[in-house]
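Here are some exercises on how two parts of a protein meet. Have the viewer open and work through them in order.

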Amino acid sequence: MLKQTLIRATEAAAVIVKEYFDKTYKISNKEGVNNLVTEVDHKSEDCIIQIIREDFPDHQILSEESGAFIQDSSYKWIIDPIDGTVNYAHGIPICCISIGIEKDGEMIMGAVYNPFINEFYFAQRGWGSSLNDKKIQVSNETDVLKSCLVTGFPYTYLDEPNGPLQIFEKFIRKGIPVRRLGSAAMDLCWVAAGRFDGFYEHKLAAWDSAAGFLIVEEAGGKVTDFEGNYYSPYQPHILATNGKIHDEMIRWISGNV
Ligand code: IPD
Ligand code: CA
Ligand code: CA
């Protein structure tokens, strides 16, 4: 039932997100000048929450645009109604709906759907990850120097040692390809699918990574913070890799390479 509701909510939101893609809709700013939210983010979110509420009225919900609905339940749905809103608002079809389900503080299920390229990623803890119902697996690359990486940058500049620009510069100076798609959930799914060998980012929110980090882990990858600790989506740093380059990536990111 949990899985059916998750898939139904993700697919229903995707219909809305797709329908408005080339239409005119309202766009506003959140904090910062380029941290956008569109009318479609809200429509997608309302649709997802309504479907969850119909099936599981007592479950907790944490959703990007409308915040937390705290209830006495061990289940929590973590929703990003459009991940990649800036892309979406510019007509760039690299964006998706991302929903993770936590039980007793552990992520147990996740779905990420990009309806523009028709890629539906799903994972259930202990059952592996799939792309359009076919099992996926992380890459086999063992050398950071030969890796294809992806990252993202925060909406407001992070001026700190080993910040986003310093780490990016280090990789670029060595000629390592580091892509920047603008959707953390897609970044994670593409690590899970073996397209990227690793992804790191300095400032994510729980809804950006909730589903995607489980999808990476269930595809055989590794997800931690920048020190290699157990990953919690409630702290900002994320390092998600195929597992084979993970320790070396930690050395690059922590300034020891
Ligand atoms: C953003 C995207 C982006 C990441 C930002 C996120 P949004 O989510 O995932 O890739 O770099 O940190 O906020 O705002 O499009 O849902
Ligand atoms: Ca997001
Ligand atoms: Ca969003």
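Predicted model: local features only at pLDDT ≥ 70, side-chain atom pairs only at ≥ 80, totals over all residues.

**Exercises: the domain interface**

Residues are numbered from 1 along each chain as its sequence is written, and side-chain values use heavy atoms, with hydrogens and water left out.

**Exercise 1.** Find which element gives the largest share of the side of domain 1 that touches domain 2.

*Solution.* Start with the elements giving two or more residues to this side, among them β5 (75–83), β6 (96–103) and β7 (106–114); strands are DSSP runs (E, at least two residues), numbered from the N terminus. The largest share, seven residues, comes from β7.

**Exercise 2.** Work out how much area is buried between domain 1 and domain 2.

*Solution.* First take the bounds: domain 1 is 2–135 and domain 2 is 144–254, from an automatic or database domain assignment. Next, the buried area is about 2400 Å², meaning accessible area (1.4 Å probe) lost on putting the two parts together, summed over both. Finally, carbon and sulfur atoms give 64% of this area.

**Exercise 3.** Count the salt bridges between domain 1 and domain 2.

*Solution.* Look for a side-chain nitrogen of Lys or Arg within 4 Å of a carboxyl oxygen of Asp or Glu. The count is two. The side chains of E119 and R195 form a salt bridge at 2.8 Å, N to O.

Definitions and conventions: Chains lettered and ligands numbered in written order. Helix = DSSP H or I, 4+ residues; strand = E, 2+ residues; numbered from the N terminus.
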